[in-house]
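User: I want to go through this structure and ask what lies behind each label. Please set each value against its cut-off before concluding.

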Amino acid sequence: MKVKGHARRTIWPESDGVSVGVIDQTRLPHDFATLRLGTLAEAAHAIRSMQVRGAPLIGATAAYGLWLGLRADPTDAGLQQARTTLLTTRPTAVNLRWALDRAFAHLQPLPPAARAAAAAAFAAALCDEDVAINRGIGEAGLPLLRALAAKKPAGRPLNILTHCNAGWLATVDWGTATAPIYLAHDAGLPVHVWVDETRPRNQGASLTAWELLNHGVPHTVIVDNAGGHLMQHGEVDVVLVGTDRTTAHGDVCNKIGTYLKALAAHDNGVPFYAAVPAPSIDWTICDGVREIPIEERAAAEITRLTGRADDGRMTTITLTPEGSAAANPGFDVTPARLVTGLITERGVTPATAGGLRRLFPEKAPAP
Ligand code: MRU
């Protein structure tokens, strides 16, 4: 996608040959700043601190993190340690394990001296693959948006509600949930996006809104609790979200609050779709509520808030009484029964084990 007219990805090998560049997402929307990651520790920190975030981008950063680790120590022990360090950065998005397992299987048989170069090439290929997957999701989702738009009275935009940021910032490019939206907008389909602010880290208000604004897509930021009300009043035509891990039976784990949107959509007959790239499918599990590890993040993300003050400086304020406890589960699981469909790079399927297996027949049958 473009930033100020320049085509950008969210992650790239720097021309110095020894580091990888990323956009520091903790500084958006007020400041567009990039970072150079030069070590395994810096890559792990970028994921943990959410300088980079979003399931596909976490996987891509981990792949480059392995390269950085292997540059310092290409031995078996170094490879193993880099893998473990990266694997423990964030627990929920399965793309992290997917990227590391694939990279490990590719690199481990190689002689140590060949590993770093092979890791760099592997990470670059993984990034290209992510871009192709997301473009595929866009192409699979576009007819669906067209069909929904065709039911609208002439001149009325298609109202899409999204939660968190499953946009290009969460991937290498295009985004997952946003890919069909960008294609629809570029094709002249009138779309309008309700952007959930997504407390506590406000990925919707800070990142999705910034992306959509950059691309000229009409949108409105709402508080997380407004979605149900808008659905009751016919203001939402479709809910479209991303996923951090989707089970082999179609349960969708995504940013905390997604489940409530699915409940409200179900109650109001609003279709609820998740954009699901294949690397976000965990074929080893069926029951998302019981089996997906949910990240618990720092209480300070709830009790404190950082933003730009009127004088232009960044400032942090405290919201809650000193002494009140705060709990911060980062994700929730929407059971497959509440999901109208999954938009994958291979097409749209009902959120069922059979539907997923039909699209991905090469995957082991669900247990
Ligand atoms: O905690 P985050 O910001 O990494 O959470 C991101 C999400 O929940 C996204 O919706 C998900 O990763 C899909 S990104 C294409």
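User: What is Ala62 in contact with, leaving aside its neighbours within four places in sequence?

Analyst: In this predicted model, Ala62 is in contact with Ile47, Leu86, Leu96 and Leu100. Contact here requires heavy atoms within 4.5 Å. Ala62 itself is placed in helix α2.

User: Why is Ala62 called buried?

Analyst: The cut-off for buried is under 20% relative accessible area. Ala62 has 0% relative accessibility, so Ala62 counts as buried.

User: What makes Asn95 buried, and what is Asn95 in contact with?

Analyst: Asn95 has a relative accessible area of 3%. Buried means under 20%, so Asn95 is buried. Asn95 is found in helix α4. Leaving aside neighbours within four places in sequence, the contacts of Asn95 are Ala55, Pro56, Gly59, Asp244, Pro279 and Ser280.

User: How is the protein divided into domains?

Analyst: Domain 1 covers 2–129 and domain 2 covers 138–363. Their centres, taken over C-alpha atoms, are 24 Å apart. Domain 1 gives 32 residues to the contact, and domain 2 gives 32 residues.

User: How much area do domain 1 and domain 2 bury between them, and which residues of domain 1 lose the most?

Analyst: The two domains bury about 2600 Å² between them, and 57% of that is on carbon and sulfur atoms. On the domain 1 side, His30, Arg53 and Thr92 lose the most area to domain 2, together 23% of what that side buries. The size of an interface is often given as the accessible area lost when the parts come together.

User: What polar pairing is there between domain 1 and domain 2?

Analyst: The count is two salt bridges and 14 residue pairs in polar contact. On the domain 1 side that touches domain 2, β1 (2–3), α2 (55–72) and α4 (95–107) each supply at least two residues. Helix α2 gives the largest share, four residues. By residue type, that side divides into 16 nonpolar, eight polar and eight charged.

User: Why is the pair of Asp282 and Arg97 called a salt bridge?

Analyst: The N to O distance between their side chains is 3.1 Å. The cut-off is within 4 Å, so the pair of Asp282 and Arg97 qualifies as a salt bridge.

User: How do you know that Arg36 and Glu14 form a salt bridge?

Analyst: Their closest N and O atoms are 3.8 Å apart. The limit is within 4 Å, so Arg36 and Glu14 are counted as a salt bridge. The pair links distant parts of the chain, 22 residues apart: Arg36 is in strand β5 (residues 34–37), and Glu14 is in the loop between β3 (11–13) and β4 (20–23).

User: Are Arg36 and Glu14 labelled buried or partly exposed, and why?

Analyst: Buried means under 20%, exposed over 50%, and partly exposed in between. Arg36 has a relative accessible area of 49%, so Arg36 is partly exposed. Glu14 has 15%, so Glu14 is buried.

User: What parts does the salt bridge of Asp101 and Arg83 tie together?

Analyst: Asp101 and Arg83 form a salt bridge with closest N and O atoms 2.6 Å apart. Asp101 lies in helix α4 and Arg83 in helix α3 (residues 76–87), so the bridge ties together parts 18 residues apart in sequence. Asp101 has a relative accessible area of 31%, which means that Asp101 is partly exposed.

User: Where do Arg135 and Glu139 lie, and how far apart are their closest N and O atoms?

Analyst: Both lie in helix α5 (residues 112–150), four residues apart, about one turn of the helix. An α-helix has 3.6 residues a turn, so residues three or four places apart point the same way.

User: What makes helix α6 mostly covered?

Analyst: Seven of the nine residues of α6 (residues 178–186) are buried. Among them are Thr178, Pro180 and Tyr182. The buried residues pack against α5, β6 (158–162), β7 (191–196), α7 (203–215) and β9 (238–241). Just after α6, Gly188 takes a positive phi of about 90°.

Definitions and conventions: Residues numbered from 1 in each chain as written. Predicted model: local features only at pLDDT ≥ 70, side-chain atom pairs only at ≥ 80, totals over all residues. Heavy atoms only, no water. Domains from an automatic or database assignment. Buried area = accessible area lost by both parts, 1.4 Å probe. Polar contact = N/O pair within 3.5 Å; in protein donor to acceptor, adjacent residues only side chain to side chain. Nonpolar A, V, L, I, M, F, W, Y, C, P; charged D, E, K, R; others polar. Buried < 20%, exposed > 50% of the residue type's maximum accessible area, 1.4 Å probe, protein only.
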